[in-house]
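Please look over the sequence and the structure shown below before reading on.

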Amino acid sequence: MKRTTAFVLTITAGSRSLGFRSEAGHEWPALTLVEVLAEYSKQAHRKTDRLSTAARALQRLKSGETRPRSGQGERHSQRYRIADRFSPDDLAVIGQRYRAGEQSTDLAKEHNIAKSTLLRLLAEQGVKTRQRGLTTEKEREILRLRKQGIIIRDIAKRVGCSYDTTRLFLLGQSEI
C-alpha cells in the first residue's frame, strides 16, 4: 500500500521561501516534488507539466525575475479587440467587397473572425446585409426550375444560393 503525504505550497514574498512543505514540516524544493509525482501518478505527464511550469515560475521569483526569459512560455501579443485589428480603411474595403457580392462566410474566414462579428461590423458601417435564407421569389424560381427537370446544383447556381439550401428547400416541398 502506498503512503500518501499532503504537501502545501508555501510562497511568501518577504522571506522568499519558495517550495513545498509536507504535513510533517519537511521542506521540499519544487523540482523534487515534481519528480516524486512523476513516479507515483498515472497521469504524471499532466501533473509534471503543470508543476514544472510552477517550479520555473518559483525559480524566477527566487532570482528576482519578473518576466519569463525569451523562448520560455513567452506569449505573442495578440490584439483581441476588433477595433484594434482593423483600420477604418480595412473595414471600408471589407464593406466594398461584401457589396460586390462576396459571401460573408468567405470574408470572415479570410480575416479570422466569426461570421456574426463580420455582419456586426458591416452593420456598424451602415452596409445593408443581404437577406439570409431564401426569399419567396427564390423559392418560386427553385420550384419552377425543378419542374423543368434541372438538377439541384444548376438550380443553386442560377438562383444564387448554396446546394444544401436548395436541396433542403426541395426536401421540405417533397419535390426532390
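The buried residues of helix 8 pack against helix 7 (136-147) and helix 9 (163-172). Here contact means heavy atoms within 4.5 Å, and helices are DSSP runs (H or I, at least four residues) numbered from the N terminus. This is a predicted model, in which local features need pLDDT of at least 70, side-chain atom pairs count only at pLDDT 80 or more, and totals for chains, interfaces and linings use all residues. Residues are numbered from 1 along each chain as its sequence is written, and side-chain values use heavy atoms, with hydrogens and water left out.

**Helix 8**
- Ile152, Ile155, Ala156 and Val159 are the buried residues named in helix 8 (residues 152-159); buried means under 20% relative accessible area and exposed over 50%, with a 1.4 Å probe and protein chains only.
- Seen down the axis of helix 8, the buried residues fall within an arc of 100°, so they line one face of the helix; the arc is that of the directions from the helix axis to the C-beta atoms.
- Lys157 and Arg158 are exposed, on the face of helix 8 turned away from its buried side.

**Ser104**
- Ser104 belongs to helix 5 and counts as buried at 9% relative accessibility.
- Apart from neighbours within four places in sequence, Ser104 is in contact with Tyr98, Lys115, Leu118, Leu119 and Arg130.

Key:
Helix = DSSP H or I, 4+ residues; strand = E, 2+ residues; numbered from the N terminus.
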